[in-house]
Amino acid sequence: MRRRHFLAITAGASVGAVASRGPAWATGAPVTLTASPTTAPLVGGEYPETDVWAYNLSVPGPVIRAKQGDELQVSFENGLSEPSTIHWHGLRVPVEQDGVPYFSQGPVAPGESHLYTLPLEDAGTFWYHPHVNSSEQVGRGLSGVLIVEEPPAVAARLGADREIVWAIDDWRLGEAAQIEPFGNRHDASHGGRFGNFVTVNGRQELNEPVRAGERIRLRLVNLANAQFFSLRFQPLDPWLVALDGHPIEPVKLGDGGVWLGPGQRADLVVDIDLEPGAYVEVLDTAYGEERARAIMGWKVSEAEPLRHGAQPAPAALPANPLPLPDWTTAEKHHLVFEGGAMGGMTQAMMDGRMLDMRALVEAGRFWAINGSVPDDIKATPPLLDLKLGKSHIVTLENRTRWVHPIHLHGHSFWVSDPRLPDGSPKVVRDTVLMAPEEITEIAFVADNPGRWMMHCHVLEHQGSGMMGTVEVG
Ligand code: C2O
Ligand code: CU
């Protein structure tokens, strides 16, 4: 079976097994990401290679590593036959570097290039993807992981011997391992485009080698258009140490899994407390025990254990330099999410006109936020006007029958997370899961001026109405 290696790019010095396998860029030199059609041996075995769209001929794209406090330059070259951009999901960068057409930059035409200059204030696990025709461009393979490293002495608090990155994705493949067409209305009005083939780092690999007694920092990223994952590592009991790149007080996963909605990330610290020769099946149970399946497996080598006995808990990483909102004086806002199959939406405003559900469906729009559906996003007024420098609490009300991962650009926010053990304090995220009928509150200081996207990260929902903007100024 042929296999394409998971490439890694290093910008500046880097640590970790993944980084050491790829070409190295000198510190400060721009990284180049070229998007183009190519093929990838996704399924392997007897199957033909899959036609994909990829950054630097690799799905997922190369892992970009850079250092907190540095400025990362990325030159994007568009080798596709349609316009594109790159958005740096979770990075708090100036709006003109955010990769959103019209609010940040013009779309990058085929054959053109664009230079991004990204200040890296926050350390953590981030990712990058296009922000044009997202369902199809991301769904055909355009996405990759971006790691901003803490200084080595800070990262050492976790006590990890090495690092592993799992970029988890799914694909909707036909019999000949080719990607099925996009633009399905059933996907858009239901749970989004689910794949039938899950890959980790672009392949199905159920025998990743690990060593008894070692401690691994595992960075998880969900690149899928619509699919959720909830990973369990029994009999191991990893520590959860960061969500969407932002550190939390380390907490054991226990019996639960680590949840990853589309766009979300989690960092774990895993102690391989097993005998040489053991095997760990990593199960995804997001859709119930009956549908549990292995997405990865760890094969513990026959080598002598690296160490014996239980290890101390990892220390928390320091918080990123995010201003703390003032909950008592914060301005309050409310966003209502409606629509979708089995929802009660009857009408919504599109482009200044009230349309009934039939007209919306004809226009391929199934969702609305505060009764508004963007047609031409640059002509649609912002959902919220937020005063620069002030604290804001935004209540997100899900009046649909579907789960939505809601993502805000340019800011990270505090939110309580019902999936963490009871009593856990609020955590910082950039993408929050909103269960059906759930009401969620996010709080943040609007410290980054500009017009920012806020949308569902189920990309077929984003493309069919569940998207708007927030003005900070
Ligand atoms: Cu990861 Cu607006 O997206
Ligand atoms: Cu959604």
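Mentor: Let's start with confidence: pLDDT is the predictor's confidence in each residue, from 0 to 100. This is a predicted model, in which local features need pLDDT of at least 70 and side-chain atom pairs count only at pLDDT 80 or more, while totals for chains, interfaces and linings use all residues. Residues are numbered from 1 along each chain as its sequence is written, chains are lettered from A and ligands numbered from 1 in the order in which they are written, and side-chain values use heavy atoms, with hydrogens and water left out.

Trainee: What is the mean pLDDT of the chain, and where does pLDDT stay under 50?

Mentor: The chain has a mean pLDDT of 91, with 93% of its residues at 70 or more. Residues 1-27 are the stretch under 50. For that stretch the model has 73 contacts beyond four places in sequence, a contact being heavy atoms within 4.5 Å.

Trainee: How do I read a sheet, and in what order do the five strands of the open sheet stand?

Mentor: Strands of a sheet pair through backbone hydrogen bonds, either parallel or antiparallel. Helices (H or I, at least four residues) and strands (E, at least two) are DSSP runs, numbered from the N terminus, and two strands pair if DSSP finds at least two bridges between them. Here the order is β13-β21-β20-β15-β18, with mixed pairing. The edges are β13 (208-210) and β18 (258-260); each has a single partner strand, so one side of each lacks a neighbour in the sheet. On average, neighbouring strands are turned by 25° against each other, direction ignored. The axes behind that angle are lines fitted to C-alpha atoms, for helices over the stretch in contact, and angles run from 0 to 180 degrees between N-to-C directions.

Trainee: How many bridges join β20 to β21?

Mentor: Six, between residues 279-284 and residues 293-300, and the two strands run antiparallel. Look at Glu 281, whose bridge partner in β21 is Gly 297.

Trainee: Which residues are the protein donors of the copper ion (ligand 2)?

Mentor: Donors are N, O and S atoms within 2.8 Å of the metal (3.2 Å for Na, K and Ca); water is not among the atoms, so sites may look incomplete. For this copper ion they are His 404 (ND1), Cys 456 (SG) and His 461 (ND1), at 2.0 to 2.1 Å. Their spacing in sequence is H-x51-C-x4-H.

Trainee: Is Cys 456 buried or exposed?

Mentor: Buried means under 20% relative accessible area, exposed over 50%, partly exposed in between (1.4 Å probe, protein chains only). Cys 456 is buried, at 0%, and His 461 is buried at 0% too.

Trainee: And how many salt bridges does the count come to?

Mentor: Side chains of opposite charge can pair when their charged atoms come close. The rule is a side-chain nitrogen of Lys or Arg within 4 Å of a carboxyl oxygen of Asp or Glu, and the count comes to 24. One of them joins Arg 307 and Asp 161 (2.9 Å, N to O). Arg 307 sits in the loop between β21 and β22 (331-339) and Asp 161 in the loop between α2 (152-155) and β11 (162-171), so this pair ties together parts 146 residues apart in sequence. Arg 307 is partly exposed at 29% relative accessibility, as is Asp 161 at 34%.

Trainee: Where do Arg 265 and Asp 244 lie?

Mentor: Their side chains form a salt bridge at 3.6 Å, N to O. Arg 265 belongs to strand β19 (residues 265-271), and Asp 244 to the loop between β16 (239-243) and β17 (246-252). Arg 265 is buried at 0% relative accessible area, and Asp 244 is buried at 0%.
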